[in-house]
Amino acid sequence: MLKTITISIMIGTFLIGTYYVLAASYLPPVKEDKLVSALDKMKTDLTYEKFVSMSKDERTSLVDQMPSGTVRMLLTEAQNHPSYVSENTDEIKLKSGSNDIRFTKLTQLTGVKGYDAGGTASIVYAGDMVFLRLEDFSVTSGIDQHLYLTKDGTIASGIDLGPIKASIGNQNYDVTGIDVDAYNVLIIYSDTFDTYYAYTKFLKAE
């Protein structure tokens, strides 16, 4: 009787030990990257990195054909790729050839539609030139984000200053020749994705 109980305990211990060994060695299957799969359906072997290295026209053409879910995944992935720059006012002095610079219209940037943005925007006069300066700037990272100076926040009638130099850091933009009193609403917008990220309004100088 005792021998039977001992054998049963030994068998039970062996089976329990075998279970934990097998359980420890089991690795659940790796979940397929949904974005990679979605992009591959749009174009064979297309990845996020390959997408952002395309020309803007190529990206826009693909986005126009994309399901909304794929677009959302792309924009979400873009948030994981911030970029950095650090430009100082010495660059304004060098480009304008003037050490006399004057800051006006200081205003705070605000994120829109769930996106984050921070820092200040100001108009800087230096000699015969005028600059837009962003300081302590940050915005949710995206794709094809451009700066626009507009009259009322309308992109269609605004002036495209080009792509932002980075999603984080101080930066300068030459706006010489633009009526900054009339074009007094700054917008960060991606026309590829028809997405607004941030804005601010410059008050008219007294």
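1. Is Asp191 buried or exposed, or partly exposed? Asp191 is partly exposed, with a relative accessible area of 36%. Here buried means under 20% relative accessible area, exposed over 50%, and partly exposed in between, using a 1.4 Å probe and protein chains only.

2. A word on the model before going on. This is a predicted model, so local features need pLDDT of at least 70 and side-chain atom pairs count only at pLDDT 80 or more, while totals for chains, interfaces and linings use all residues. Residues are numbered from 1 along each chain as its sequence is written, and side-chain values use heavy atoms, with hydrogens and water left out.

3. Now for the charged pairs. Side chains of opposite charge can pair when their charged atoms come close. The structure holds six salt bridges, each being a side-chain nitrogen of Lys or Arg within 4 Å of a carboxyl oxygen of Asp or Glu. One of them joins Asp191 to Lys56, with the closest N and O atoms 2.8 Å apart. This pair links distant parts of the chain, 135 residues apart: Asp191 sits in the loop between β8 (185–190) and β9 (195–201), and Lys56 in helix α4 (residues 56–65). Helices (H or I, at least four residues) and strands (E, at least two) are DSSP runs, numbered from the N terminus. Lys56 is partly exposed, at 27%.

4. Have a look at Asp181 and Lys105 too, whose salt bridge has its closest N and O atoms 2.6 Å apart. Asp181 lies in the loop between β7 (171–174) and β8, and Lys105 in strand β1 (residues 101–108), so the pair ties together parts 76 residues apart in sequence. Asp181 is partly exposed at 38% relative accessibility, whereas Lys105 is buried at 10%.

5. Next, find Arg133 and Glu135, whose side chains meet in a salt bridge (2.8 Å, N to O). Arg133 is buried, with a relative accessible area of 3%, but Glu135 is partly exposed at 26%.

6. On to the nonpolar side chains. The largest nonpolar core has 38 residues, and Phe51, Leu132, Leu134, Leu147, Leu149 and Leu186 have the most contacts inside it. Strand β4 (residues 129–139) gives the most to this core, with five residues. Such a core is a set of buried Ala, Val, Leu, Ile, Met, Phe, Trp, Tyr and Cys residues joined through side-chain atoms within 4.5 Å.
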